[in-house]
Amino acid sequence: MSKPGIAGFSTRAIHAGQPPDPATGAVTVPIYQTSTFAQEAVGKHRGYDYARTGNPTRAALEQCIAALEGGAHGLAFASGMAAEAAIMQLLKPGDHTVATDDLYGGTYRLFRRVLDPMGLTFAFIDGTDLRALERALMPATRMVWIESPTNPLLKLIDIEAVASMAHQHHALVVVDNTFMTPYFQRPLSLGADIVVHSATKYLGGHSDLIGGTVVLNDGELFERLAFIQNAVGGVPGPMDAWLVLRGLKTLAVRMREHDRNAREVASFLSDHERVRRVFYPGLPDHPQSELARRQMSGCGGMISFELTGGLEPARHVVERTQLFTLAESLGGVESLIELPALMTHASIPAETRQAHGVSDGLIRISVGLEDTADLISDLDRALAQA
Ligand SMILES: *Cc1c(COP(=O)(O)O)cnc(C)c1O
């Protein structure tokens, strides 16, 4: 079960890295709540010596997520941001990163407010424009960082095309696959070098933990990242690693349902008179539906939409839904609603946000697993009051 590709997705999700516990036969991987491990002689141990360096529960998660992304190596972190920070610590001052402009707000903040002052340099481009990428790639460029679909506008970036262009310039390609999960999109198979996740979202899937993962194929790069993981120390505790593992077991079932619910909600919204635009790659009029079919096997549960009338009606809607909870985050069983300009993307300066097309009245929803009819009537009621 350790070789990716030898079994179907759900079989790997349930079994990869998770044989019955050799000590007791426990069918579920135990939560190894320990900081250290007894040594039989100095330096002689059973693969674990100190739990920042390695913990069996975390190791099971690392193997499982690697198997799901179709990669050779996995690493788990305390949060998506800790995973991203570890990847960026592969770089040194003067190194240049090209990132897409429609990024997760926290990623933008990490790059601009933490790493830029430390001497890393960045260019932000429209990732759907390959000529902009070509212009942004410089001799000092070491990394190209993309999200597809983008957040919050659900634009798609052609991962294969970006990877081939970046590789001509010897830059590593990192894909934040949080929105799609490996169930719908496997960036490594499209040429990416590193896949990063906020496991807080769909991988965990139940809004009950914070976590991050990294998957990659290159052995040398993996050794450097494992060194950083241990040296810097942003590791998850065993309980959180276990919760992500439990979430992964139902990832396929949940993603199919998120996708089915979101398609119906997106189609309801696009027919609604108060709604000006709907951003969802699964709608037949999404400008990149051909690319969607090529690089994704589904479109997931994230939808953004704009109302006629701007910020005030949008604020009314997000404060009036009853099933859709007003909250940041996404990817859980419960549906959430938010205003990116004032919430998830507030750390991006207003002019930058607007220049990228994120209007103040844009609403983002994470479509959960409640009954479709209930979700639609909740939105319908809130829209009628706006
Ligand atoms: C939430 C999120 C992150 C950050 O992850 P945390 O687990 O909150 O640290 C990174 N990228 C995307 C796309 C996210 O949605």
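Helices (H or I, at least four residues) and strands (E, at least two) are DSSP runs, numbered from the N terminus.

## Basis of the report

This is a predicted model, in which local features need pLDDT of at least 70 and side-chain atom pairs count only at pLDDT 80 or more, while totals for chains, interfaces and linings use all residues. Residues are numbered from 1 along each chain as its sequence is written, and side-chain values use heavy atoms, with hydrogens and water left out.

## Packing of helix 10 and helix 14

Two packed helices are described by the angle between their axes and the distance between the axes. Helix 10 (residues 251-270) packs with helix 14 (residues 372-385) at an angle of about 30 degrees, and their axes are 10 Å apart; axes here are lines fitted to C-alpha atoms, for helices over the stretch in contact, and angles run from 0 to 180 degrees between N-to-C directions. Helix 10 is therefore roughly parallel to helix 14, given that angles under 35 degrees count as roughly parallel, over 145 as roughly antiparallel, 65 to 115 as roughly perpendicular and the rest as oblique.

On the side of helix 10, Arg260, Asn261, Glu264, Val265, Phe268 and Leu269 meet Thr372, Leu375, Ile376, Leu379, Asp380 and Leu383 of helix 14, contact meaning heavy atoms within 4.5 Å. By class, this contact of helix 10 with helix 14 has seven nonpolar, two polar and three charged residues, where Ala, Val, Leu, Ile, Met, Phe, Trp, Tyr, Cys and Pro count as nonpolar, Asp, Glu, Lys and Arg as charged, and the others, Gly among them, as polar.

## Salt bridges

With a salt bridge taken as a side-chain nitrogen of Lys or Arg within 4 Å of a carboxyl oxygen of Asp or Glu, the count comes to 17 salt bridges. In one of them, Arg294 pairs with Glu290, the closest N and O atoms being 3.3 Å apart. Because Arg294 and Glu290 are four residues apart in helix 11 (residues 289-295), they are separated by about one helical turn. Arg294 is partly exposed at 44% relative accessible area, and Glu290 is partly exposed at 46%, where buried means under 20% relative accessible area, exposed over 50%, and partly exposed in between (1.4 Å probe, protein chains only).

Elsewhere, salt bridges that share partners join Glu40, Lys44 and Arg46 into one network. Within it, the side chains of Lys44 and Glu40 meet at 3.0 Å, N to O; Lys44 is partly exposed at 48%, whereas Glu40 is exposed at 55%.

## The loop between strand 4 and helix 6

The side chains of Asp126 and Lys155 form a salt bridge (3.8 Å, N to O). Asp126 lies in the loop between strand 3 (121-125) and helix 5 (130-136) and Lys155 in the loop between strand 4 (141-147) and helix 6 (159-168), so the pair ties together parts that are 29 residues apart in sequence. Gln288, in the loop between strand 8 (275-279) and helix 11, is buried at 17% relative accessibility and, leaving aside its neighbours within four places in sequence, is in contact with Thr128, Lys155 and Leu156.

Most residues other than glycine have a negative phi, and most peptide bonds are trans. Against that background, the peptide bond from Ser148 to Pro149 is cis, with omega near -5 degrees, and the bond from Asn151 to Pro152 is cis, with omega near 15 degrees. Leu154, also not a glycine, has a positive phi of about 55 degrees and is buried, with a relative accessible area of 1%.
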